[in-house]
Amino acid sequence: MSIRQVIDDAVYFMSKAKLDGWLIYDYKGINPVMNEIVGVVENVTRPVFLWIPVLGQPELLVSYVDVGRFSRIDLQKEIFVGRKEMVSKLQKLLKGNSNIAMEYSPRAQLPKVSSVDAGTLELIKTFGSSIHSSADMIVYATQRWNNQSLSSHIKSGEILGEIVISAFEFIQGNINKGITEIEVRDFIRKKFVENKMYFDEGPVVAINENSSDPHFDPETSDGRQFNIGDWVLIDLWAKLDTASSMFSDITWVGYIGSKVPSKNQKVFDIVVEARDLAVLAIAERFKEGKPIHGWEVDKIARDYISKSGYGNYFNHRLGHSIGPEVHSSGVNLDNLETVDTREIIPGIGLTVEPGIYLPEFGVRSEIDIFITEKGPRITTPVQKSIITIS
């Protein structure tokens, strides 16, 4: 998304929310929103402010030392030398603007968008401005996808679906050779490279009790080998290695043996039902023309798992924002780790990934969805039954 598009969307949002402007502050990368708007600018060593007013032209307030780094950014630039001049010019920039949005979340309720330090907030308040959270504006102005973004996401999801099946087939074909979690992880990474995909870490390849650790790292494994009777969880995420591509993120599970144990099957069925109920809830709200928020979707899935007797074993949020980062800055499906009150709006991507983690094994079923004007569209392969490896 271009800078101009983000600015136009932000101005539209602010006009509806009765905000006077959006002040994006960054110092040495503490605020990822700056990068999402202007792109990555290397080796910026002093504070920088991007001011987007609801009326007037946006400006960058940049140190004399760093201004050359922003030469490619087609925005008006105001230069300061030293802190005294920075404060003076910032005050002048904000004069007469009472209601300002910044990357602040009351009581740090939403850590992903709580990037501005307390001292900077105190400074802005001395100018007579009231500070409001930019959380909803971030979603509207920076997290909505265009058609190209959606296409890249769908393509990466198709590739991940093929790779996860190949991984289970690789286990089956080498079950008598003593292969380990690490070897399957490396097999998946090789497939990423072959398919020209970018991945930052992972994937998770976990056997039995290791699958009860949602972020299990095979590097910490005891060199565990796959054997008959093992439960297997594979969580993989990647995106096309092209500009403006979006991540996909899926989790599948399998059993090595001809018949899945009844307890594993029961837990899997509960997790899948919770997953599908969450997607259905979003669809129904859109059909009714009523808003739905991240915390509400989490609660629906969590209540179902709790009523099924496994509430104490679902110990992470239901899903997260997905985009150019695997954990992006949009709405999360969360009523546990936070209470995400942001509205689920058209144009954003989300994971839906309920899980039940017992001492002996864990089950997670993860899919991705894209929110259209009519509601959720499932964009990745959906696991409906447990993979069996004979």
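Guide: In this predicted model, a residue is buried under 20% relative accessible area, exposed over 50%, and partly exposed in between.

Visitor: Why is Glu 85 called partly exposed?
Guide: Glu 85 has 29% relative accessibility. Buried needs a value under 20%, and exposed needs one over 50%. Glu 85 therefore counts as partly exposed.

Visitor: What makes Lys 89 and Glu 85 a salt bridge?
Guide: Their side chains meet at 3.4 Å, N to O. The cut-off is within 4 Å, so the pair qualifies. Lys 89 is partly exposed too, with a relative accessible area of 23%.

Visitor: Why are Lys 89 and Glu 85 separated by about one helical turn?
Guide: Because they are 4 residues apart in helix 3, residues 82-94.

Visitor: How many salt bridges does the structure hold?
Guide: The structure holds 18. Side chains of opposite charge can pair when their charged atoms come close.

Visitor: What makes Arg 364 and Asp 235 one of these pairs?
Guide: The closest N and O atoms of Arg 364 and Asp 235 are 3.0 Å apart. That is within 4 Å, so this is a salt bridge. The pair links distant parts of the chain. Arg 364 lies in strand 14 (residues 362-364), Asp 235 lies in strand 9, and 129 residues separate them.

Visitor: How do you know whether Arg 364 and Asp 235 are buried or exposed?
Guide: Arg 364 has 2% relative accessibility, and Asp 235 has 5%. Buried means under 20%, so both count as buried.

Visitor: Why is Thr 251 called buried?
Guide: Thr 251 has 0% relative accessibility. That is under 20%, so Thr 251 is buried. Thr 251 sits in strand 10, residues 248-256.

Visitor: Which residues does Thr 251 touch, leaving aside those up to four places away in sequence?
Guide: Among them are Asp 235 and Arg 364. Leu 233, Ile 234 and Gln 383 are on the list as well. Thr 251 and Pro 381 are 130 residues apart in sequence, with C-alpha atoms 9.9 Å apart in space.

Visitor: How do you know how the span of helix 7 compares with the expected one?
Guide: Helix 7, residues 181-194, has 14 residues. From first C-alpha to last, helix 7 reaches 20 Å, close to the 20 Å expected at 1.5 Å a residue.

Visitor: Which residues of helix 7 are buried?
Guide: Glu 181, Val 184, Arg 185, Phe 187, Ile 188 and Phe 192. They cover an arc of only 155 degrees around the axis, so they lie on the same side of helix 7. On the other side, Lys 190 and Val 193 are exposed.

Visitor: What do the buried residues of helix 7 pack against?
Guide: They pack against helix 6 (147-173), strand 7 (197-198), strand 8 (204-207) and strand 9 (231-240).

Visitor: What makes Glu 194 and Lys 191 a salt bridge?
Guide: Their closest N and O atoms are 3.8 Å apart. That is within 4 Å, so the pair counts. Both residues lie in helix 7, 3 residues apart, about one turn of the helix.

Visitor: Why are Glu 194 and Lys 191 called partly exposed?
Guide: Glu 194 has a relative accessible area of 47%, and Lys 191 has 24%.

Methods: Residues are numbered from 1 along each chain as its sequence is written. This is a predicted model: local features need pLDDT of at least 70, side-chain atom pairs count only at pLDDT 80 or more; totals for chains, interfaces and linings use all residues. Side-chain values use heavy atoms; hydrogens and water are left out. Helices (H or I, at least four residues) and strands (E, at least two) are DSSP runs, numbered from the N terminus. The expected span of a helix is 1.5 Å times one less than its number of residues. Buried means under 20% relative accessible area, exposed over 50%, partly exposed in between (1.4 Å probe, protein chains only). The arc is that of the directions from the helix axis to the C-beta atoms. Contact means heavy atoms within 4.5 Å.
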